Amino acid sequence: ERVGFAVIGLGVIADHFMRGVKQSQRCKITALVSGHRDKAERIAAEYGVPKDSIYSYEDFDRIRDNKTVQAVYVALPNSMHAEYTIRAAKAGKHVFCEKPMALSSAECQQMIDACKTANVKLMIAYRMQYEPLTLKCIEMVRSGKIGDVVAFEGQFGFNIQPGVWRTKKALAGGGSVYDVGIYALQAARMFTGEEPVEIKAVASTVHKNDPRFAEMEESVEWSMRFPSGVVASCASTYGGQMEGFMRVHGVSGTLEMGPTYGYDGVTMRGRAKGEHWEESNPEKDPKQFEREADHFAECVQTGRTPKTPGEEGLRDLTYIEKIYESAGVKL
Ligand code: NAD
């Protein structure tokens with residue numbers, strides 16, 4: 001029996017996810033939650049969702065009685081993740097929630113507690129932790145292919161459209177670190193296998209009178225020192241095309257990924273000790289979404305804890321708060 005998902009919020013990422021689920025053997029879309037009835041009915045028809053399994057945000061809690069729904073996928077603006085995770089848990093549904101997990105570490109803790117109390121699974125949608133080439137590169141670094149790691153670099157950013165929810169602090173929580181810097185933060189933690197013990201950050205804005213940056217900084221650069229002594233130097237922006245990239249420097253070589261963090265086209269290259277590597281993952285979007293949905297469905301079916309549980313989202317929010325605090329930006 002496939003795990004039935006209710007998709008909450010029918011925006012850009014929900015579309016990727018639903019197409020991924022369509023390819024999956026383990027999952028199916030069984031309900032939709034939207035503020036736009038017309039859009040929801042059109043998508044429902046496409047995915048074979050019955051009309052009485054379309055909910056509005058107001059009547060969402062009725063989903064408790066829908067036996068076709070075992071789990072929800074929270075694909076809403078960041079500020080709504082905590083509310084809908086907690087409401088879903090109270091309705092007895094497992095929760096697969098988009099990154100960043102919430103606006104603050106305090107909210108993350110409330111989400112974890114609510115899911116624990118309701119005895120439902122909670123997984124955060126860290127796509128790259130299910131992407132095979134990324135996993136292979138992590139294994140190469142951790143198994144010593146480039147020798148002891150001495151330094152890490154990572155960045156991700158894009159030139160944001162004016163007026164979108166990501167530019168509004170109340171909905172986004174803060175600037176680009178929440179949205180895209182989190183990929184470099186995750187990569188630094190995954191590749192070193194360590195948790196940062198010291199964080200220093202600088203926030204800055206190039207386009208000073210640009211209304212896009214009225215509520216938040218344009219760019220953030222930050223350093224994280226890990227217990228081994230490795231320092232990760234990271235950056236994110238909403239002001240320019242900063243292609244997803246990361247590089248690990250080891251005693252005897254270098255491994256880098258770029259472009260990376262995207263929905264497909266993930267590419268690596270590296271060299272050490274006379275060896276040279278170069279590889280791209282040929283899989284196409286929405287394969288990454290199928291993989292993460294399948295992992296969560298397997299956890300729901302077997303009772304296993306997801307590889308990226310709420311605690312993983314909480315850790316990142318703790319670091320994001322430290323980054324902004326160090327940069328002197330009030331959240
Ligand atoms: P989006 O703007 O395309 O979609 C958001 C959806 O929420 C829309 O359908 C919108 O109608 C709905 N919504 C409900 N209340 C809203 C409100 N008050 N203001 C604005 N929209 C409202 O955004 P998206 O890019 O799909 O992002 C959704 C979430 O997914 C975010 O948390 C984002 O960080 C995350 N995301 C993750 C990835 C990934 O690769 N894992 C990629 C993109 C986005």
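I started with contacts, where two residues count if their C-beta atoms, placed from the backbone, lie within 7 Å. Of the contacts in the protein with a separation of 6 or more, 68% join residues 24 or more positions apart.

A note on the source: this is a predicted model, where local features need pLDDT of at least 70, side-chain atom pairs count only at pLDDT 80 or more, and totals for chains, interfaces and linings use all residues. Numbering runs from 1 along each chain as its sequence is written.

Next I checked burial and found that 48% of the 331 residues count as buried, that is, with 20 or more other C-beta atoms within 10 Å of their own C-beta atom, placed from the backbone. The C-alpha trace spans about 60 × 45 × 35 Å along its principal axes.

Then I looked up the domains, whose bounds come from an automatic or database domain assignment. I noted domain 1 (3-125 + 301-306) and domain 2 (132-280). Their C-alpha centres lie 28 Å apart. Seven residues from domain 1 and eight residues from domain 2 make the contact.

Which of the 18 residues around the ligand come nearest? I read off Gly9, Gly11, Val12, Ile13 and Glu98. Both domain 1 and domain 2 give at least three residues to this shell. Helix H1 (residues 12-23) supplies the largest share, three residues; helices here are DSSP runs (H or I, at least four residues), numbered from the N terminus.

Conventions
Buried ≥ 20, exposed ≤ 12 C-beta atoms within 10 Å, placed from the backbone. Near = placed C-beta within 6 Å. Helix = DSSP H or I, 4+ residues; strand = E, 2+ residues; numbered from the N terminus.
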